[in-house]
Amino acid sequence: MDYKNIYFIGIGGIGMSAIARYYKRKGFAVGGYDRTPSPLTRQLEAEGIAVHYEDNVDYIPLDVDHTMVVYTPAVPEELEELRYVRENGYPLVKRSRMLGEITAGQRCLAVAGTHGKTTTSTLTAHILTESEVGCSAFLGGISKNYGSNLLVGENDIVVAEADEFDRSFLQLHPEKAVITAMDADHLDIYGTLEAYQQAFRDFASQVSKLLIVKAGLPLSAADTPAKITTYGIEEGDWHASNLRPDSLGHYTFDLVTPNGVVADIRVGVPGLLNVENSIAAAALCLESGVRPEELRKAIGSFAGVQRRMDVQVNKPGCTYIDDYAHHPAEIAATLHSIRSMFPGRKVTAIFQPHLYTRTRDFAPEFAKALSLADQVVLLPIYPAREEPIEGVTSELIFKDLTAPEKILIEKEELMEWLGEEYIDVLVTFGAGNIDRYVTPIAEMLKDR
């Protein structure tokens, strides 16, 4: 690569920032644009990466021949900086292509799926890092063990979260991979469930050695040259037995594998959902040379991922969990987990819908999933990359909610409402800017 500068348009995205950090570590001059400051962009700045927040071409390095520009499809086409680099002949690649090029020629372990992929890939990277095997990793969330979405190891094993948005994961050619779920999503891109699931089959066809699939998914040996093995909590070649929860929602289990049993694995993060994620990660790691005793210790020391079943407050009479879930199946899975962790307690769910198209496509499913809570607080839709669609508002979900209590409010009213409300178990959901409220909510509840 004959480049000195790597410039990122949309540098604050979770996938973009990991690649930016990677090239900064490699000695390149790294900078970029994002629409708004965030804790992640401030961290990038603290690491010496130049980030700005106005759409201004003056920040782009002038040296066209030695500057690679990376962009995310989440950036609008009319952005001035994007138009400028296109019109002036800068080498321009999508984020997914860049990740594909970085992982090419290395032993890529990829985790794909509608949900569960961030926690599973982060846990996989943690297990490998804590073992004698080691790895590098490009993650879709901030690991709480390492405070980063990038790990850089000494060998040629690289763990990658394989994102199906915009068919990005088809840039990867993994040696081994996990597929956690294939529930319909991103229908603004795929159109139909059939087309969405076909993309996962296309991804499976690029896996060379081993494909670890959640039991029951519509994948077969005809879809991949790799050996297929299955996993699940109760079914699959890899599954749990002798499940024991404790009073804080943490589970201990025995892992049944095709080669025997690994007894007494305690999951470092709470919830039944994380038992499932642990089984998938364990299969991938044991098949990559990790020893059972290393596996047991690493799963126990896993601190989780920011915004993934992220316990902020857990004291007698008050629990607060923050979660990135923005798809009905994710929300339902998290609420089922919370119900099993805290039986008999009142659960309040706050949800900020993400994207007009997703709200339009899944409004009844969102209503059904959220109605697993006792009380639902619904915020306006976070548009992200989209323009408004006539008739599509949070009311589409709200009208079908069957939870005993429900309220529709502006996000500016949220803190005042919470200040006057009895809270037993609270969970915030969403992939938009609801994350800006997590720290204020946690501080308010800690002080009660």
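Trainee: Quick one to start: is Lys 94 buried, exposed or partly exposed?
Mentor: Partly exposed, with a relative accessible area of 29%. Keep in mind that this is a predicted model.

Trainee: Okay, and which side chain meets Lys 94 in a salt bridge?
Mentor: That's Asp 166, at 2.6 Å from N to O. Asp 166 counts as partly exposed too, at 24% relative accessibility.

Trainee: Where do Asp 166 and Lys 94 sit in the chain?
Mentor: Lys 94 is in strand 5, while Asp 166 is in the loop between strand 9 and strand 10. They're 72 residues apart, so to speak distant parts of the chain that the pair links.

Trainee: How many salt bridges does a search of the whole structure find?
Mentor: It finds 27. One of them joins Asp 310 and Lys 144, with the closest N and O atoms 2.5 Å apart.

Trainee: What does that pair tie together?
Mentor: Parts that are 166 residues apart in sequence, because Asp 310 lies in strand 16 and Lys 144 in the loop between strand 7 and strand 8.

Trainee: Is Asp 310 buried or exposed?
Mentor: Buried, since its relative accessible area is 5% and the cut-off for buried is under 20%. Lys 144 is partly exposed, at 37%.

Trainee: Which residues do salt bridges with shared partners join into one network?
Mentor: Arg 107, Glu 175, Lys 176 and Lys 209.

Trainee: New topic: how many residues has the largest nonpolar core?
Mentor: It has 45, and Phe 8 and Tyr 23 are among those with the most contacts inside it. Helix 1 gives the most to this core, with six residues. There's also a second, separate core of 39 residues, including Leu 123 and Val 275.

Conventions. Residues numbered from 1 in each chain as written. Predicted model: local features only at pLDDT ≥ 70, side-chain atom pairs only at ≥ 80, totals over all residues. Heavy atoms only, no water. Core = buried A, V, L, I, M, F, W, Y, C linked by side-chain atoms within 4.5 Å. Buried < 20%, exposed > 50% of the residue type's maximum accessible area, 1.4 Å probe, protein only. Helix = DSSP H or I, 4+ residues; strand = E, 2+ residues; numbered from the N terminus. Salt bridge = Lys/Arg side-chain N within 4 Å of Asp/Glu carboxyl O.
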